[in-house]
Amino acid sequence: MKEHFSKIGFVLAMAGSAVGLGNAWKFPTMVGQNGGSAFILLYLLLTILVAFMVFLAELSIGRLSRKDSVNAFYLLANNNKKAWSFAGFFMIGAILIVCFYSVVIGWIVYYIYKSFFTLPQNINESAALFSNLLQADIFSQIICFSIVFIFIFLIVNKGIKNGIEKMNVFMMPALFILLLLMLIYSFSFDGFLKACEFLFYPDFSKLNENSILNALGLSFFSMSIGVCAVLTYAASLPDKINVIKSTLSIILINVLIGIMMGLIIFTFVFEFGADSSSSGPGLIFVSLTNLFSKLGILGNILAFAFFVSLFFAGVTSAVSMIEPFCFYLINRFNIKRSLALFYIGIFVYIIGILCILSSAVKTNYNFNIFSYDLFSLLDFLTSNILMPLSAIIICIFVAFCINQEKLKNFFIPYMGHTFFLIWINFLRFICPIAIAIIAISNFI
Ligand code: PHE
């Protein structure tokens, strides 16, 4: 008998999957580089017009079949069942993501530890700390990665209700409260008003065609679309849940937490004068850590709270990346959850360690593949190729290849006839074409 989430458990678990490291550095950095709130408006528009539609499509495959992703495509396809079942293997994308994602959560664990000691006093020290961790301190990286690895696998081992749901029900509110406290604290700085102006005053002149691509890519990654995480959680949806309301709540939580993180980060950036367009991990691990140090002991407390909240955001996402493949192995080979996790664990651990080694200069292993280190290669492959491709396939599958009556019976009570028609036509025409343009233009 398949375990089901409770209503609130589902919303929190799905929001836990959505809210992740993407909100912490992709969102603020992209907002910073693409004209502040003009980009937020664009992101919201694309989230509602494209990501929301595809999310509902992926959700419907999970909920209508109540199966793992491979069996779900097989069961629901009207024709060519065998061929369609291969679409379920996009869940491998989630396993590839978790390999490097857990390495980054490992860095967060390292910074939680560092928050108990004197923080780097200037930006050079801060940059040196981070690059030393990445390029020379392989031992610390492996220890921290191993801690994260054991933690997330133990949670998934406890199953949907006792592991994943329980963790999310604790961590998501805790994450929100921590961020809220930090946000209230940042009100007291002048930088807060500048951060508000930066995030909420639209400067449309900074938008360009790349901003559209960035906004769509971000909204996909951020909503966990295209690697069967949504599908697999939806297979455990409780029976009487309003899927539209729940999905809108998930989007709202995701955007809200992104904005809260943005406000906190940019308040410190403006208050203490770091570069608002510095990107990626640099913004958090280098700039922010140095900025916290200017507040003395209070800075240590803030750094601790901030990295703990990132840890919560990260592990709730990582868990949702492992569950799809785990659930598939359990069903396909009729094995115990722990054994399925053992096999997945071997793969994730080896690739995770290789990611660490491949970007560390002080090893003989810093190999490159097509000029990417393994870390960036996996990121590129999953975000730019697998996720968009799978999203297009999901749209086509739901719009053309499954029983439309079943779909109507499930959705119309929640969305009504008119919205159903709009939704299905978006899936037929607008979403696949928009995603294809974006995915292809990534390569030109
Ligand atoms: N949404 C997560 C984030 O923003 C990443 C993620 C991708 C989670 C795919 C699950 C599946 O960090």
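This is a predicted model: local features need pLDDT of at least 70, side-chain atom pairs count only at pLDDT 80 or more; totals for chains, interfaces and linings use all residues.
1. Helix 1, helix 2, helix 6 (91-114), helix 11 and helix 15 each supply at least two residues of its lining. Helix 15 makes the largest contribution to that lining, with three residues. If you want to find these stretches in the viewer, helix 1 covers 7-18, helix 2 covers 21-33, helix 11 covers 209-222 and helix 15 covers 297-333.

2. Now for the space itself. The largest cavity has a volume of about 130 Å³, and 16 residues line it. To find its centre, look for Ser-17, Phe-221, Ser-224, Ser-317 and Met-321, the lining residues that lie nearest to that point. By class, the lining holds eight nonpolar and eight polar residues, and no charged ones.

3. What sits in the largest cavity? The ligand does. Around the ligand there are 15 residues, and the closest are Ser-17, Ala-18, Gly-22, Tyr-101 and Phe-221. You have already met two of these names: Ser-17 and Phe-221 are also among the residues nearest the centre of the cavity. Helix 1, helix 2, helix 11 and helix 15 each give at least two residues to the shell around the ligand. That shell consists of seven nonpolar and eight polar residues, with no charged residue.

4. A polar side-chain atom of Tyr-101 is 2.5 Å from an oxygen atom of the ligand. A nitrogen atom of the ligand lies 3.1 Å from a polar backbone atom of Ser-17. For Ser-222, a backbone N or O atom is 3.1 Å from a nitrogen atom of the ligand. How much of the ligand's accessible area does the protein cover? On its own the ligand has 330 Å² of accessible area, and the protein covers 100% of it.

5. There is another cavity to explore, as the count of cavities of 30 Å³ or more comes to two. The second largest cavity has a volume of about 30 Å³. Its lining is made of Asn-23, Phe-27, Tyr-43, Leu-218, Ser-222, Asn-254, Val-255 and Gly-258. Helix 2, helix 11 and helix 13 (243-272) are the elements that give two or more residues to this lining, and helix 13 gives the most, with three. Four of the lining residues are nonpolar, four are polar and none is charged. Notice Ser-222 in this lining, a residue that also has a backbone atom 3.1 Å from a ligand nitrogen.

6. Next, an open site: the second largest pocket, with a volume of about 160 Å³. Val-70, Asn-71, Tyr-74, Lys-82, Ser-85, Phe-89, Tyr-328 and Arg-332 line this pocket. Two or more of its lining residues come from each of helix 4 (69-76), helix 5 (81-85) and helix 15. Helix 4 has the largest share, at three residues. This lining includes two charged residues, along with four nonpolar and two polar ones.

7. Finally, a look at the backbone. Most residues other than glycine have a negative phi. Which way does the phi of Arg-66 go, positive or negative? Arg-66 has a positive phi of about 55°, although it is not a glycine. You can find Arg-66 in the loop between helix 3 (37-65) and helix 4. Cys-228 also has a positive phi, near 70°, and this residue is in the loop between helix 11 and helix 12 (229-234).

Note on methods. Residues are numbered from 1 along each chain as its sequence is written. Side-chain values use heavy atoms; hydrogens and water are left out. A residue is near a molecule or strand if one of its heavy atoms lies within 4 Å of it. A polar contact is a pair of N or O atoms within 3.5 Å; within protein, one must be able to donate a hydrogen and the other to accept it, and residues adjacent in sequence count only if both atoms are side-chain atoms. Accessible areas come from the Shrake-Rupley method with a 1.4 Å probe; for residues, only the protein chains shown count as cover. On a 1 Å grid over the protein atoms alone, a cavity is a set of points where a 1.4 Å probe fits but cannot get out, and a pocket is an open set with protein on both sides within 12 Å along at least five of seven lines; lining residues have an atom within 4 Å of a point. A molecule sits in a cavity or pocket if more than half of its atoms lie within 2 Å of its grid points. Helices (H or I, at least four residues) and strands (E, at least two) are DSSP runs, numbered from the N terminus. Ala, Val, Leu, Ile, Met, Phe, Trp, Tyr, Cys and Pro count as nonpolar, Asp, Glu, Lys and Arg as charged, and the others, Gly among them, as polar. Grid points are joined across faces, edges and corners, and a volume is the space filled by probe spheres set on the points.
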